[in-house]
Amino acid sequence: MIENLSRSAAAFGLAAGATRAVYAGLRRRRGGDRRWERTNYAGRTVDLYAGPAVAVGAALGALPATTRAAAALSGLAAGACGAYDDRNGDHRRGFRAHLGALRDGEVTSGAVKLFGIGAAALAAGALLKERPVDKVLAGVVIAGTAHLVNLIDVRPGRAALAVLTLSTPGLLRGPEPLALAPMGAAAAVVADDLGERTMLGDAGAHALGAALGTAVAAANGRFGLVVHAAGVVAAAVYGDQVSRRIAGSPM
C-alpha cells in the first residue's frame, strides 16, 4: 500500500514538474512563431505550448509504472499526431471528410491523426494485454479516449478538468500509477488554460486522452474493456453533438 502511494505520488509529481518545465521553456523561446498561436472562441490570442508540454509530462509521469512503455507509446504518438494537425490542419472535420479526401488521394492531417493514433493505440494495447481480443479492445479504448478528450476541448479548461476528474485513482481500479500521469500533467497547465493564456490544442488533448485511455485499459478486464470501448465509440459516432453540448455547458 505504501509502495503504491509512493509510486503514485512520484508519477503525479514527475508529470506535473516536467509539464511545467517544458511549458515554461517553450514560452521563453516562443520567438514570435505565429504557428503556435490560435484565436480562441472569445477572440483572444493564446499559445499552443500546453499541448507538447502535457504530452512530454504525461509520458515521463508514467515512468514509475511497470506498463510505462504502453503509456509512453500511446501518449507521445497521440501528441505528435495532434501537433501535426495543430501546425498543418485544415477546416475539414469528421472521419467522413478525411476518409473521403484520402479516397481522392489527399492525405489530410485528420487522416494522419486517425491512422497514427489508431496504430499507436493498438500497439499499446498489445503491450498491455495477452489475449488478442483484449489487445484490440484496449487499443479501441486508448484511441477512443484520445478522441473523446479532444471532442471535449471546446472551451478553456474543459478537457483538462475532465482529465483531472476521470483520472481520480478511485475511478480506476488498477494498482499502477498510470492515471496519475495525465492527472499531474493536466494539473500543471489547467490554471493557464482556464485563464486563456494557452490551450491544449490537438496535441495536448489527444496526448492526455491517450494516457488516460491507457490507464483505463490497464485497469480493466474483458468486461470493463467492452463497456469503455462501447462508450468511446458512441462518443465518436455522436461527436458533433458531444462537442456542442460541452461548449454550451457551464464550467
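1. Thr198 lies in the loop between helix H8 (180–194) and H9. Helices here are DSSP runs of H or I with at least four residues, strands are runs of E with at least two, and both are numbered from the N terminus. The model is predicted: local features need pLDDT of at least 70, side-chain atom pairs count only at pLDDT 80 or more, and totals for chains, interfaces and linings use all residues. Residues are numbered from 1 along each chain as its sequence is written, and side-chain values use heavy atoms, with hydrogens and water left out.

2. Is Thr198 buried or exposed? With a relative accessible area of 2%, Thr198 is buried. The term buried means under 20% relative accessible area, exposed means over 50%, and partly exposed is in between (1.4 Å probe, protein chains only).

3. The side chain of Thr198 has two polar partners to note. One is the side chain of Asp47, with which the Thr198 side chain makes a polar contact at 2.6 Å. The other is the backbone nitrogen of Ala50, which the side chain of Thr198 reaches at 3.3 Å. A polar contact is a pair of N or O atoms within 3.5 Å; within protein, one must be able to donate a hydrogen and the other to accept it, and residues adjacent in sequence count only if both atoms are side-chain atoms.

4. Leaving aside neighbours within four places in sequence, Thr198 is in contact with Tyr23, Val46, Asp47, Leu48, Tyr49, Ala50, Asp192 and Asp193.

5. Glu196 is also found in the loop between H8 and H9. Its phi angle is near 60 degrees, a positive value in a residue other than glycine. At 16% relative accessibility, Glu196 counts as buried.

6. Which residues bring H2 and H9 into contact? On the H2 side they are Gly51, Pro52, Val54, Ala55 and Ala58, and these meet Ala203, Gly204, Ala207, Leu208 and Ala211 in H9. By class, the residues of this contact divide into eight nonpolar, two polar and no charged. Ala, Val, Leu, Ile, Met, Phe, Trp, Tyr, Cys and Pro count as nonpolar, Asp, Glu, Lys and Arg as charged, and the others, Gly among them, as polar.

7. The geometry of this pair is as follows. The axes of helix H2 (residues 50–61) and helix H9 (residues 201–219) come within 7 Å and cross at roughly 20 degrees. Axes are lines fitted to C-alpha atoms, for helices over the stretch in contact, and angles run from 0 to 180 degrees between N-to-C directions. H2 and H9 are therefore roughly parallel to each other. Angles under 35 degrees count as roughly parallel, over 145 as roughly antiparallel, 65 to 115 as roughly perpendicular and the rest as oblique. H2 passes H9 in a left-handed crossing; a crossing is left-handed if the near helix is turned anticlockwise from the far one by less than a right angle, and right-handed if clockwise.

8. The axes of helix H7 (residues 158–166) and H8 come within 8 Å and cross at roughly 150 degrees. That makes H7 roughly antiparallel to H8. Their crossing is left-handed. Ala160, Leu161, Val163 and Leu164 in H7 meet residues in H8 that include Pro182, Met183, Ala186 and Asp193. The contact of H7 with H8 has 10 nonpolar, no polar and one charged residues.

9. Thr214 belongs to helix H9. At 0% relative accessibility, Thr214 counts as buried. What does its side chain meet in a polar contact? The partner is the side chain of Ser74, at 2.7 Å. Beyond neighbours within four places in sequence, the residues in contact with Thr214 are Ala70, Ala71, Ser74, Leu128, Ile142 and Leu178.

10. Gly75 sits in helix H3 (residues 68–88) and is buried, with a relative accessible area of 5%. The C-alpha atoms of Gly75 and Ala210 are separated by 5.2 Å, although these residues are 135 residues apart along the chain. Not counting residues up to four places away in sequence, Gly75 touches Ala207 and Ala210.

11. For the chain as a whole, there are 11 helices and two strands. Of its 251 residues, 49% count as buried. Among contacts in the chain with a separation of 6 or more, residues 24 or more positions apart account for 74%.

Methods:
Contact means heavy atoms within 4.5 Å.
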